[in-house]
Amino acid sequence: MNRILHIIKKAVTCDKIYFILALLKRRNIKPPRILKFFARRKVSKKQKLFQEIKGFKLLDIKTPDNFNQCVHPDLIKLADADYLLALTPYPFGNDKYERPTIYRSSDKLMWKYIAGPIASEQEGKKNHLSDPTLVKLDTGDIQCYYRECIYNQEIPLTNIYRMTSENGYLWKNKECVVSEPMDKFDIISPSVKSDERGVHAYFCLKQNKEIKLMYTKNQLFEVEGCSEVDLSNCIPEGKMLWHVSHICNGKNDILLLTLSDDFGGSNSELYMGVIDNRSLTVKGINKIRIKEMVPDILIEYRATGIVENNKIIIIVSVMFKDRIWGCIEFETGGIGI
């Protein structure tokens, strides 16, 4: 009875398109075009809302699935001063569409779709991709790392893949970097970047009913080559680590930490901190005021950023109260720059 009441309450209170899409997913039915049309109209109305909110912009992203909702952004600046953005489509939280997709921009406002999905998951009902991250190499090439969850076998696996591109348009040389049992070494939200240290990464490790912040370089993501970052004195009571990305900034990396109430990511909020990348000592974290400034946002999710003109430019994925997903941009400054 409680389950029936929960379903009825969900149907009454949630966005109707979200509810219809969830029913179609359970029956493995392809959504009709008219559903996508009305979903895009809802996203367009969000654009008008942000015209009245000072300091925040909702990115106008055209996704290949035609829902125009997205999550898990990761941003780099190219040698020609353009920007490259990786993300995954995520209409109403449906991970069936969640595959790495690439966009390019000269101003971080108008984003042109240029590639993707650049990969697909292995066949299986619950299998899906997520968490793309971009890194610019000294050779000029660009690499995209991303996560694959495999459930259709006795022991579920987490795979981390890597693909390479010369310009962001054509991606090739797909290779599996690491494959580990999900119950022992579940890699979440890899953040791969390159500076004087070479290619390195932070990531969240789900292990033994907790999530740890890890750092890795050289042989990325291999169990023996990872170091834990101590967050025990930084995370507020009642919160846990859920996602991470970082910005290289000399000896002090800037961490963008998504903290949630539980393993499902509920009530996620974005925090920013500074870490000495030599000692892996966190110097403290502060909450970023997003929900307070945009009350229509229910969840703050994975974020990305760069430092420009002594300001930190952040793009964060969010879920609105009607369960529409998107990415918003804003700038902040002062912490560790």
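The largest nonpolar core of this predicted model has 32 residues, and F50, F56, L270, I290, I314, V316 and I328 have the most contacts inside it. A nonpolar core is here a set of buried Ala, Val, Leu, Ile, Met, Phe, Trp, Tyr and Cys residues joined through side-chain atoms within 4.5 Å. Buried means under 20% relative accessible area, exposed means over 50%, and partly exposed lies in between (1.4 Å probe, protein chains only). Two or more residues of this core come from each of α2 (16-26), α3, β15 (252-260), β16 (269-276), β18 (297-308), β19 (311-320) and β20 (325-332). The most, 5 residues, is given by β19. Helices (H or I, at least four residues) and strands (E, at least two) are DSSP runs, numbered from the N terminus.

Not counting residues up to four places away in sequence, F50 touches F56, K57, L58, V294, F320 and I328; contact means heavy atoms within 4.5 Å. A second, separate core comprises 27 residues, among them L257, V282, Y301 and W325.

Residues are numbered from 1 along each chain as its sequence is written. As the model is a prediction, local features need pLDDT of at least 70 and side-chain atom pairs count only at pLDDT 80 or more, whereas totals for chains, interfaces and linings use all residues; side-chain values use heavy atoms, with hydrogens and water left out.

The protein chain contains 3 helices and 20 strands. With 337 residues, a compact globule would have a radius of gyration near 20 Å, and the value of 19 Å for the protein chain agrees; this radius is taken over C-alpha atoms, and the globule rule is 2.2 Å times the number of residues to the power 0.38. Buried residues account for 55% of the 337 residues. Of the contacts between residues at least 6 apart in sequence, 48% join residues at least 24 apart.

Helix α3 (residues 33-50) also holds K36. K36 is buried yet has no salt bridge, and the nearest side chain of opposite charge, D65, is 6.1 Å away. Leaving aside neighbours within four places in sequence, K36 is in contact with P31, D65, N66 and F67.

Elsewhere, the structure holds 19 salt bridges, each a side-chain nitrogen of Lys or Arg within 4 Å of a carboxyl oxygen of Asp or Glu. One of them joins D80 and R104 (2.5 Å, N to O). D80 lies in the loop between β2 (70-77) and β3 (83-89) and R104 in strand β4 (residues 101-105), so that the pair links distant parts of the chain, 24 residues apart. D80 is partly exposed at 47% relative accessible area, whereas R104 counts as buried at 15%.

K239 and D261 also meet in a salt bridge (3.0 Å, N to O). K239 lies in the loop between β13 (226-229) and β14 (240-247) and D261 in the loop between β15 and β16, so the pair ties together parts 22 residues apart in sequence. K239 counts as buried at 16% relative accessibility, and D261 as partly exposed at 37%. K239 and D261 are linked with E269 and K291 in a network of salt bridges.

The mean pLDDT of the protein chain is 89, and 94% of its residues reach 70 or more; pLDDT is the predictor's confidence in each residue, from 0 to 100. Over residues 5-13 the pLDDT is below 50, and this stretch has 5 contacts in the model beyond near neighbours in sequence. Where pLDDT is low, the predicted coordinates should not be read in detail.

Methods
Lys, Arg positive; Asp, Glu negative; His and termini not counted.
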